[in-house]
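Morning, everyone. Let me put the chain up on the screen, and then I will walk you through a few parts.

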Amino acid sequence: MGYYLINNGTLIDGTGNKPVKDAAVLIKDNTIEYAGREDELEPQETSTEVIDAQGGFILPGFIDGHLHLMTNGFHMEDTMYDPLSIFFYKSVENMHLTLNAGVTTVRDAGLADYGVKMAVESGLIKGPRMQVSISPLSITGGHFDFWLKSGFDMKISYPGYPDSVCDGVEGVRRKVREVMRAGAEVIKVMATGGVMSANDSPEHPQFSLEEFKVIIEEAQTRGISTMAHAHGSQGIKNAVEAGVHSIEHGTYIDEEAIEMMRDRHVYLVPTLLTQKINKKIAESGGMAEYRVEDAIRIVDIHRRNMEKAYKAGLTIVMGTDCGVIEHGVNLQELELLCEIGMKPMEAIMAGTRVSAERMGWQDKIGTLEAGKLADAVICKTNPLSDINSLGNPENIGVVIKDGKLFKDLRML
Ligand SMILES: [Zn+2]
């Protein structure tokens, strides 16, 4: 380790401040020592390796606020055919693709256990920094209950990955404790049915208000926040009223729910990309019959409602639900955030500073400022004039995570 100096580029630091031309970012070990104009940086005495940004744009490493590193398509039958270890081996590539796309931190919204995080942190494999939720909580017959009408149960559970299903006040309290015991850093709750699940519909609320309150209360005993998968408005309201910290998807959000979220500063993680790609897959015939109808009709409704939520001033975090769709396309979400009304700079912040805040890690990551961990990307194109260019990993020339160079296309 030692010093890296990134120079000859324009700095977009993630704070929302104006871009800085002729910028430099100085990294010592895994920490940023300086970010700003190069001519204001004092000359370095120690030997420094220079990373020439070649006129590109220097940004913070991006933070995907909602994905699933351990799955490739969420095909329920995979759990029947594939030995458990296959999911872990595949996740290694998923993590590479995620880093390659410029995403250096993720909030895993279900399925990654604590060992996946440990493997990355110990340097055993290369992957994004992660905050894991491990097992999402689901009611019996809910979005993460994989018991089929045939009577087959397609669930995965193993030591380190508790079963998701829980009911009743005492049941959910115990489940939160179990999931925290397994290492969860955020509690994920299924507050409604899913777009593509076998037993329910996205409009149906799941868990009662009473159950929700206990889940959140129990998580907060350890200072752990909660995230709710919620499509239907009643499920959103239940979760928000109980004190949840973010709503994921938010498809059928109505004005009352928007108001409640705004008043209580609840984050919204729209995951627009997955809905868009799912629609394409459904239309091309590549989806199980029971999923097609939901997948197609939901997209336009979702987008309109996200526009309303944005206009009403909700705080939006970039999350993709990658895993449901392919990995490594994460930053395509930014263009979709702009389609619901964001300016490119706001979309970048939704994927950096704001996403870090949602995780409670705003002191460590999310912006390129002195004292933060050294996660940075260099984009060859100008994301402020072409936000979609960030969505193509070929434009992400350099990726640095925790002060280590993961990707460098400059010599190619
Ligand atoms: Zn998800």
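A word on domains before we start: the bounds come from an automatic or database domain assignment. For this protein chain, that assignment gives domain 1 as 3-60 + 367-408 and domain 2 as 62-359. Residues are numbered from 1 along each chain as its sequence is written. The model is predicted, so local features need pLDDT of at least 70 and side-chain atom pairs count only at pLDDT 80 or more, while totals for chains, interfaces and linings use all residues.

How far apart are the domain centres? Taken over C-alpha atoms, the centres of domain 1 and domain 2 are separated by 30 Å. Now the contact. Two residues are in contact if their C-beta atoms, placed from the backbone, lie within 7 Å. Domain 1 gives 21 residues to the contact, and domain 2 gives 23 residues.

Which elements contribute on the domain 1 side? Those giving two or more residues are β5 (57-60), β14 (396-401) and β15 (404-408). The largest share, three residues, comes from β14. Helices (H or I, at least four residues) and strands (E, at least two) are DSSP runs, numbered from the N terminus. By class, this side of domain 1 has twelve nonpolar, six polar and three charged residues. Ala, Val, Leu, Ile, Met, Phe, Trp, Tyr, Cys and Pro count as nonpolar, Asp, Glu, Lys and Arg as charged, and the others, Gly among them, as polar.

Next, a sheet. Three strands form an open sheet, ordered β6-β7-β8, with parallel pairing. Strands pair if DSSP finds at least two bridges between them. β6 (62-67) and β8 (129-132) stand at the edges with a single partner strand each, so one side of each has no neighbour in the sheet. From one strand to the next, the twist averages 15°. Strand β7 (residues 103-108) pairs with β8 in the parallel sense over four bridges. Arg107 stands opposite Gln131 in β8.

Last, two helices. The axes of α5 (residues 209-220) and α6 (residues 233-242) come within 8 Å and cross at roughly 45°. Axes are lines fitted to C-alpha atoms, for helices over the stretch in contact, and angles run from 0 to 180 degrees between N-to-C directions. Leu209, Phe212, Lys213 and Ile216 in α5 meet Asn238, Ala239, Glu241 and Ala242 in α6. That contact divides into five nonpolar, one polar and two charged residues.
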